[in-house]
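I opened my notebook to look up a few things in this structure.

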Amino acid sequence: FLEKPGWGQVVTDLVNTGIYVLTPDAMALVPSGEPFDFGRDLFPLLLERGEPLYGYEAEGYWCDMGDCAVYLSCAADALSGKVALDLPAPRVAPGIWAASPIPSGVQVVPPCYIGPNVAIGEGSLLGPHAVLGEGSTVGRHSLVQRSVLHRARVGDRCTLYGAILCPGAAAEDGAVLNEGSVLGEEATAGRDAILLEGVKVWPRRTVAPGARLTASLTEGGLRGPLKFADGGVLRGSVGEEATPEVLHLLGNALGREGRVGLGCGGGSAARMLCQAALSGVSEAGGHALLSDAGSPTAAAWFAAAYTLSVSLFVEQAGERVYLHLFDRQGLPLSRPRQRKLESTLLRAEVVRMPAHRVGGWETVTGVGSAYAGDAARSVPGTGRRGLTVAAPGGGDLARALERLGCTVLAERQAGVPTFQAEHGGFRLRAWDETGRELPPERLLTLCAMVLLQQGAERVAVPGDAPGAIDLLSGRRSGAVLRLGRDGGEAEELYRAQPALRDAVFAACLHSARMMRSGERLHVIDGRAPLFRTKRAEVPLTGGRARVMQALRREEPLAQAAGEGLRLPVREGWVYLAPLARRSALRVVGEGFDTETAAELCDHYARLVRELDQAGPPQE
């Protein structure tokens, strides 16, 4: 008795079907509490002991349904009459068995089986070789061929060919399931989703609307194709939105633009995804420069220093990854480029070059050191006055401050200003000599103040930057420009003032000011207008665009600023902006004290809820 013999051991075309009749004496030989196989263990033991062992040579159809493709073939064979089955439904036409009425306008191509309590929409085409199990539903104008549904739901305008839907599974309107695709129990293929050949979605997982799934989804849930969030960053979970297949596709799209910078940090998953992107860049004929940049801001500097078409940095934080993309000036990609990339990812468009045009790659080292040196050189001379600062975490920030001439401590210490980079290095947080925390928006205000004091005629800040920055210019009109409000002039100036968008450059700016003037950080902070902020996120039941439009009607003085609206009020400012990844609005209240900021935030959060609940304006 040979279980799964090699081809050199095959001397018969008979197989073990796995149907056994055994005596209690035979079962007594099976040990307790350990794996023991019939074919590999029990039957050879019976033969070795000389016990009687018999086989029955069965006649008729036999097939090993070891995978989904063979299962579909068996179902097709059964419908075609190759298997003698007593189907539990009346035969209503040659090759058609139906226990449920077939509505007019539905075309059924034999052979086909329709179980009890099945609903079918008009204009649909079923068969050949379609099995609709009990309780299944097929919407209007859908195509179901060579597929099996087990109490599953198929929406309108769906296309199923060679698919299996397990109990409770659903293919939403417009979904396309290609040959060999499987939806596990209670799994869902969202509206207009596409499952390519052989893709399997495990139980209770969801493929998002519009997604094009190229590999099986076994863990988590594919919440949707990657989309840019606030700040121009693609965010996702490893193995869900962010997979090697998706990064390969992203790299392929970037590789069409020429020279591409690549970098990663935070863990092995980031390295894996970066390598997948490298493969995509080469496939599209692009040339990749793999840098040792250790942060997104260093990768942005690398893009500008090497005038790359685009630069990608994969940042890992536990199970989450953040994909930062920068243009040749080191800024986040423009919204038109973001939309183009989103469209490419959604449609899974791939460019494949012949072998002689496949792109190459090279390694660029020393990027972090060069970036830190550039940050230290970006500020005016510091004189000979020394300065002790703390930079927990080290990295580019500590290196830049050391290049500036600071004595850098690895931990916070009383009486010593402390700097810390956040959000990939794009925001600076600090603690002054008294231990009081200076949040990123406060440090941004101080940066703008220092630049204006050093002779800059104007500064450019993001649209959501604190309104207190406008007070720094005194009576000089146009001294503060805002992105999203002041057009290309603001964008050009913003590129030339990295301290307003890069924590390492900002820390060097503040440290150099302290070294030149001898003033302490808390003294410099006291020279800037005092303000407080409070933030809230308001979930919406309606559309973000409709609520923003209603806000413009309610507040005619509101100005476009960045991705939202900025509204000056008597006590301060309010900033309102729609979130990119979910239906919600961000509300930021700014005032000269905490109570005022909270009142403004709460008031406009209530207004947003009221406008959302009011619905669209009546004609």
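**Entry 1: an enclosed strand**

I began with strand E24, residues 259–265. Five of its seven residues are buried, so the rest of the structure largely encloses E24. I keep in mind that this is a predicted model.

Next I looked up the pairing of E24. Strand E25, residues 287–291, runs parallel to E24, and four bridges join them. I found Arg259 opposite His287 in E25.

**Entry 2: an open sheet**

I then turned to a sheet. In which order do its eight strands stand? I read E1-E2-E4-E7-E10-E13-E16-E19. The sheet is open, and its pairing is mixed. Strand E1 (91–93) and strand E19 (200–201) stand at the edges. Each has a single partner strand, so one side of each lacks a neighbour in the sheet.

I noted a general point here. Strands of a sheet pair through backbone hydrogen bonds, and they do so either parallel or antiparallel.

E1 and strand E2 (residues 96–98) run antiparallel, with two bridges between them. Ala93 stands opposite Ile96 in E2.

**Entry 3: one alanine**

I picked Ala577, which sits in strand E39, residues 572–578. Is Ala577 buried or exposed? I looked up its relative accessibility and found 2%. The cut-off for buried is under 20%, so Ala577 counts as buried.

Which residues does Ala577 touch, leaving out those up to four places away in sequence? I listed Glu563, Gly564, Ala584, Leu585 and Arg586.

I also looked up Ala577 and Gly366. They are 211 residues apart in sequence. From C-alpha to C-alpha, the distance in space is 39 Å.

**Entry 4: the whole chain**

Last, I stepped back to the chain. I counted 15 helices and 40 strands. The C-alpha trace spans about 100 × 70 × 55 Å along its principal axes. What radius of gyration does the chain have? I found 33 Å, whereas a compact globule of 619 residues would have one near 25 Å.

Buried residues make up 47% of the 619. I also looked at contacts between residues at least 6 apart in sequence. Of these, 45% join residues at least 24 apart.

The accessible surface comes to about 30,200 Å². Carbon and sulfur atoms hold 51% of that surface.

The chain has 65 positive and 70 negative side chains. The centres of the two sets lie 9 Å apart.

Methods. Residues numbered from 1 in each chain as written. Predicted model: local features only at pLDDT ≥ 70, side-chain atom pairs only at ≥ 80, totals over all residues. Heavy atoms only, no water. Pairing = 2+ DSSP bridges. Rg over C-alpha atoms; globule rule 2.2 N^0.38 Å. Buried < 20%, exposed > 50% of the residue type's maximum accessible area, 1.4 Å probe, protein only. Contact = heavy atoms within 4.5 Å. Areas by Shrake-Rupley, 256 points an atom, 1.4 Å probe, with all protein chains shown as cover. Lys, Arg positive; Asp, Glu negative; His and termini not counted. Charge placed at Lys NZ, Arg CZ, Asp CG, Glu CD.
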